[in-house]
Amino acid sequence: GSYSAQTVLITTGSTRKKLEIPGAKEFENKGITYCASCDGPLFADQDVAVIGGGNAAFETAAQLLAYAKSVTLFNRGSKFKADEVTVKKVLSHPKMKALTDVVLKEIKGTKFVESIVYEKGAKTEELPVGGIFVEIGLMPTTSFAKDLVKLNQYGQIPVDPRTQRTEVAGLWAAGDSTDGLFHQNNIASGDAVKALEDIYLYLRAR
């Protein structure tokens, strides 16, 4: 429908890019997870894998090193997208290992994840793991707003982090649909409360 309002707050979030190989769908929430801060402690003293090569992947690996027996990071390319300082610090940990130029082929298991199959060069190998943490990117749910506000290169809505205001008068955005640095449920909730406080002041001043 069509609605009229003095102010609008966009909180449509984002969806995580999913791993699309055999076994990925079957073992989601059965060893495959998309949130280390939520599920990391469940994999204490286990060998785990992290999929991705950006800052989110390395930050996930850093969190898991506090719990896991070992962490192996799989990167599709030859270079990591994460900051050099972050990469160096995480890879210096004795329980950490990273593999580059790999192609993931399959997730195996019975009731839960038991291993991940991958190709590196001409070889196909299988690594036993109890958990797989996927960090291959987020897709903001913002396409409906692309003609209303300018999106950044990732499809996120740029906001003022102090107030959550966009460049469009009367329009705010909060959570994973924005260009905020961190994307977690509790941070999204805080962003929304911040936006509502500013909206209240905005309306009172009119």
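Which residues does aspartate 198 touch, not counting residues up to four places away in sequence? The tour returns to this residue at its last stop. The model on display is predicted.

**The whole chain**

Begin with the entire protein in a cartoon view. There are 4 helices and 12 strands to find. Along the principal axes, the C-alpha atoms fill a box of roughly 65 × 35 × 30 Å. Of the 206 residues, 39% are buried. Among contacts with a separation of 6 or more, 57% are made by residues 24 or more positions apart.

Next, display the surface. The accessible area comes to about 12400 Å², and carbon and sulfur atoms contribute 52% of it. Colouring by charge brings out 25 positive and 24 negative side chains, two sets whose centres lie 1 Å apart.

**The parallel sheet**

Select β3, β10, β4, β5 and β6. In that order, these 5 strands form an open sheet with parallel pairing. Its edges are β3 (32-33) and β6 (96-99), each of which pairs on one side only. Within the sheet, focus on residues 47-51 and 70-74: these are the parallel strands β4 and β5, joined by 5 bridges. Aspartate 47 can be picked out here, standing opposite serine 70 in β5.

Most residues other than glycine have a negative phi. Aspartate 101, although not a glycine, has a positive phi of about 55°. Aspartate 101 counts as partly exposed because its relative accessible area is 40%, a value between the limits of 20% and 50%.

Then select β7, β8 and β9. They form an open sheet of 3 strands, in that order, with antiparallel pairing. The edge strands are β7 and β9 (123-128), each pairing on one side only. On average, neighbouring strands of this sheet are turned by 25° against each other, direction ignored.

Zoom in on the β7–β8 hairpin, where 3 residues lie between the two strands. β7 is joined by 7 bridges to β8 (residues 113-120) in an antiparallel arrangement. A further 6 bridges join β8 to β9, again antiparallel.

**A buried loop residue**

Move on to glutamine 164, in the loop between β11 (138-140) and β12 (171-173). Its phi is positive, about 70°, although the residue is not a glycine. Is glutamine 164 buried or exposed? Its relative accessible area is 3%, so glutamine 164 is buried, the limit being under 20%.

**Aspartate 198**

Finally, select residues 185-205, which make up helix α4, and highlight aspartate 198 within the helix. With a relative accessibility of 10%, aspartate 198 counts as buried. To answer the opening question, show the side chains of Thr163, Arg165 and Trp172: these are the residues that aspartate 198 touches, leaving aside those up to four places away in sequence.

Conventions: Residues numbered from 1 in each chain as written. Predicted model: local features only at pLDDT ≥ 70, side-chain atom pairs only at ≥ 80, totals over all residues. Heavy atoms only, no water. Buried < 20%, exposed > 50% of the residue type's maximum accessible area, 1.4 Å probe, protein only. Contact = heavy atoms within 4.5 Å. Areas by Shrake-Rupley, 256 points an atom, 1.4 Å probe, with all protein chains shown as cover. Lys, Arg positive; Asp, Glu negative; His and termini not counted. Charge placed at Lys NZ, Arg CZ, Asp CG, Glu CD. Pairing = 2+ DSSP bridges. Axes fitted to C-alpha atoms, helices over the stretch in contact; angles between N-to-C directions.
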